[in-house]
Every structure is written in structure tokens, then in C-alpha cells.
Amino acid sequence: MIRDPRVQTYLESLRPERDPVLAEMEELARLERIPIVEWETGRLLATLVAAKRPGRVLEVGTAIGYSTIHMARELPAGGRIVTLERDPARIAQARGFWARAGVSDRIELVEGDALESIGGLDGPFDVAFLDAGKTEIDAYLELLGGRLADDALLVIDNLLMSGDAALPEGLDTSWPEDSLRAARQTTRALMTSPEWLFSLLPVGDGVGLGARRGTVRP
């Protein structure tokens, strides 16, 4: 948990009652320890999609399709999400949940390793949501070069990693040191990037939000 318990309790009290599909997904994730975004992160994604009204969204890391539903429900007419996942069991679960949520027609799932799949995708994408292994984030960002719209939004989840990213390096944590190091390095690089105006928000497990700069500074 990255927030004061009082704040966390208050935030949870504000959550509206979930429909049966999302509620079931949250319970399944809790029981089987499936990594899905926290509800506040899903709500932020939905809000960004509603504001941006993107034609195409790219999601790297589908899991059981929880964040996908949050975004798909706010897509404008004709909008689509391309989501990448390599786990066959998770893919089957995601497809089932999407069908029940009534959003299957807005989603294209590409099976396989994202590091291989991204190279075969045609852009541009208006929003890119990265929710995958932190040691691969820089590789994803490089592969996305030329596939994002000029005014694209970049969203990256889990950059605070249960708050452990804020601890001094070398301490024992619940996260692998290479993942923590990668999260820290990616965050620092994006915060000083001439291409991206980037913020790290204490939402969920730490959401990075980037917008293209109007003018690329030297």
C-alpha cells in the first residue's frame, strides 16, 4: 500500500458499487493473486479515455481483461483497443469477461510475447497503456517509436511497486531488485525527457502519465 490507511479507507468508501462482471473479476484476482490494476487506476484509465476520445488504444499486458473493460466502456463510436497477452489461460478468461461485459466488439487481442507482437502493429495509437514487466518497459517504449500519434498519451502502471521504489537501493523488498531498478530508471528518464511531459501519480500502485510536448526541446 502506498497511501496512508485513512486515505485508503476514504478512497474505498467512494467507490461506486461494481457491476457483477467487475466484482467477479476483482474477487478472482484476489483469490488467485492475479495482477490487475486497482479500481482507482481503472477509473483513471476510463476518465482519460473519455476525455481523449481515442480512435485506437494499445494495452500491453491484458491479464484477465479488467483494465481493458474500464477503457472499452468509455471508447467513442468506432474506437478500438488492441491488447497484447501471452498467457493462454488468461486470454480465455479475458474473452469470457469481455463477452459478458458487452465490449468484445471493441477489443482486438493479439496473442504472444508483446516484444514480438508490437513490431507487427500498425499505428498510430492515441493512448498506450503499459502494464507489464518493468525490466521490459524501455524495450516497449523503443518499439512504440513511430507507432504513437503526435498527441498520444502514455500511461504506465506499477511504477511505485507497493512503495518499494521509494526506498533506498539495496534494501530487502518484496520485489526483485532488477524490476525496482528498471522502474526507477524509467521514471527518472521520462521525468527528464525532452519528448514527454511526464508525471508520477500516487494512484493505485503508482501511475505514470505522459503527454507529448508541443515542442521538442534540445
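How do the residues lining the second largest pocket divide into nonpolar, polar and charged? There are five nonpolar, one polar and six charged residues in that lining, where Ala, Val, Leu, Ile, Met, Phe, Trp, Tyr, Cys and Pro count as nonpolar, Asp, Glu, Lys and Arg as charged, and the others, Gly among them, as polar. The structure is a predicted model, in which local features need pLDDT of at least 70 and side-chain atom pairs count only at pLDDT 80 or more, while totals for chains, interfaces and linings use all residues. Residues are numbered from 1 along each chain as its sequence is written, and side-chain values use heavy atoms, with hydrogens and water left out.

The second largest pocket has a volume of about 190 Å³. A pocket here is an open set of points on a 1 Å grid over the protein atoms alone, with protein on both sides within 12 Å along at least five of seven lines; a cavity is a set of points where a 1.4 Å probe fits but cannot get out, and lining residues have an atom within 4 Å of a point. Grid points are joined across faces, edges and corners, and a volume is the space filled by probe spheres set on the points. Among the residues lining this pocket are Pro 16, Trp 39, Arg 43, His 70 and Glu 74. Helix 3 (39-52) and helix 4 (66-72) each supply at least two lining residues, and helix 3 gives the most, with three. Helices (H or I, at least four residues) and strands (E, at least two) are DSSP runs, numbered from the N terminus.

The largest pocket has a volume of about 1300 Å³. Its lining holds 45 residues, of which Ile 34, Pro 35, Ile 36, Val 37 and Asn 158 are the closest to the centre. Helix 1 (5-14), helix 2 (20-32) and strand 2 (80-85) are the elements giving two or more residues to this lining; helix 2 gives the most, with four. By class, the lining of the largest pocket has 17 nonpolar, nine polar and 19 charged residues.

One cavity of 30 Å³ or more is counted, and the largest cavity holds about 40 Å³ of space. Pro 35, Ile 36 and Val 37 line this cavity, as do residues including Gly 61, Tyr 66 and Asp 131. Its lining comprises six nonpolar, four polar and one charged residues.

Ring contacts remain. Arg 56 lies over the face of Phe 125, at 4.3 Å from the ring centre; a charge sits over a ring if NZ of Lys or CZ of Arg is within 6 Å of the ring centre and within 35 degrees of the ring normal.
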